[in-house]
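Dear colleague,

Please find below the structure that I promised to hand over.

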Amino acid sequence: MGSYIIQVICFQALFLAVYYLLLRKETFFSYNRIYLLVTPVIALALPFIKIAMLQTVVPVETFTSVLPEVVIGDAAVITSTDAAPVTESFTIPWLQIYMAGVVISLVVLIIKIKKFASYFSYKQKGSSIIEIPSSTEAFTFFNYIFIGADIDTLSRKQILTHEQIHAKQGHTWDLIFFEILKVVLWFNPITYLYQKNISIVHEYLADQKATEGISKYTYYEELLNTAFGTSKLSFTNTFFNQSLIKKRIVMLQKSKSQKSALAKYLLLIPLVLAMLVYVSCSEDNSVESERTLEQEIAELQIALEQKEELTESERKLFNQLNKTLLQKGGNKSIYTHGMGAKDDETVEVLEVERVYDVDENGNIPFAVIDEVPVFPGCESLTSNEQLRKCMSQKVSALISANFNVALGKELNLKGTNRIFASFKIDKNGYITNLRTRSPHPDLDAEAQRVISMLPKMQPGKHNGEVVGVLYSLPITFQIAE
């Protein structure tokens, strides 16, 4: 979900940047209105669109390996029969925070609606024009036009013409749409900018239509003479708005844009295509779920790895998790052969060292990738198995030598604390996409610092092509009490 939200905000920001840079000064107001209404919806939908054909533009690397567990700290003090409890991690309640924001946004909207509804008390039966006593306000809400009683007769005629255009063109629907977006995406500042810009376009549209067949000079004069302050409601079209007066006059004086300028809207096509390529080539959410499930299984494996034999319920649990992972991953499965099993049975549950592709016959090939990444100092080795083992040893040695074990006492941690790290060795051999999960933010920071010290490696290859390889690395930090 976090990735989806970031993508939506970035896409909307790009669309709005194109509008600011290329379109907002053009006199194609109807097209600008459509652009401002359609692009936020496109941004909401794009992250869900995965086009398989576009994935070949930027190949997606899915080769995955889980490195053996690295044990640091007071490794000798914890035994299988007297293990200290794992420190619980703190999780930010993102869903609760989001729902609280939605509720607050709804309350704000309800307050504005309640304030606005009071104006309907002045409504005369059968009339869509509502006169507000002792007021110089003028605004539109759907087909209702609200106008202050203190506005002089000459100005009233011009204002009514302007506001009737707002009503006829259904501008209120646009503003209501953005009010709903502001509730759902209350944390997204781009939504507020969208609503501000479409309100401006509404005024340009109404001014353009209202000045047909009349003197623009008279219209300018009226705008300047009646630039009073009003109480602005974001879901109404307001005639008097001091900040808009200058823009409206400038735009009325502006010559009509050349038809050739319409070509600017075609930029939307390559922009959307680029976004589709990005979305299609990004890691699928299901991959992230699979990785999370794999880590959960690894946690259970580590917790029970020193037991001589699994109970029947534990074997069933591992088998069920394994089936779930197989369903989520399509042709991927995780197995452990013989863990806690009797001589005459094989328990298929978990292998914490490697994830294999399973062929149509259920056989597990020796390796998924043709050539694994090579850690500096392991170049003389030839087989993938030797290279994996060499890498595991060097990674373990680097982490053990550089991890600040004093953090245990500084953070007042006790017992066994587990850190689950994931990273990628990219096509250039560098460590990227480093993420960690642990009981304490400082442990995350320390794990990321140490893993970032891993040197540049020779990247992996598959079918003769250089590829990225994803790794999972469980770290156990044991602290004596």
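In these notes, buried means under 20% relative accessible area, exposed over 50%, and partly exposed in between (1.4 Å probe, protein chains only). This is a predicted model, in which local features need pLDDT of at least 70 and side-chain atom pairs count only at pLDDT 80 or more, while totals for chains, interfaces and linings use all residues. Residues are numbered from 1 along each chain as its sequence is written, and side-chain values use heavy atoms, with hydrogens and water left out.

The structure holds eight salt bridges, each being a side-chain nitrogen of Lys or Arg within 4 Å of a carboxyl oxygen of Asp or Glu. One of them joins D174 to R33, with the closest N and O atoms 2.6 Å apart; this pair links distant parts of the chain, since D174 is in helix α5 (residues 171–184) and R33 in helix α2 (residues 29–45), 141 residues apart. Helices are DSSP runs (H or I, at least four residues), as are strands (E, at least two), numbered from the N terminus. D174 and R33 are both buried.

Another salt bridge connects E179 with K182 at 3.2 Å between the closest N and O atoms, and both of these residues are buried. They are three residues apart in helix α5, and therefore separated by about one helical turn. Together with K112, E179 and K182 are linked in a network of salt bridges.

Turning to the strands, 11 of the 11 residues of β9 (residues 415–425) are buried, so this strand is largely enclosed by the rest of the structure.

With best wishes
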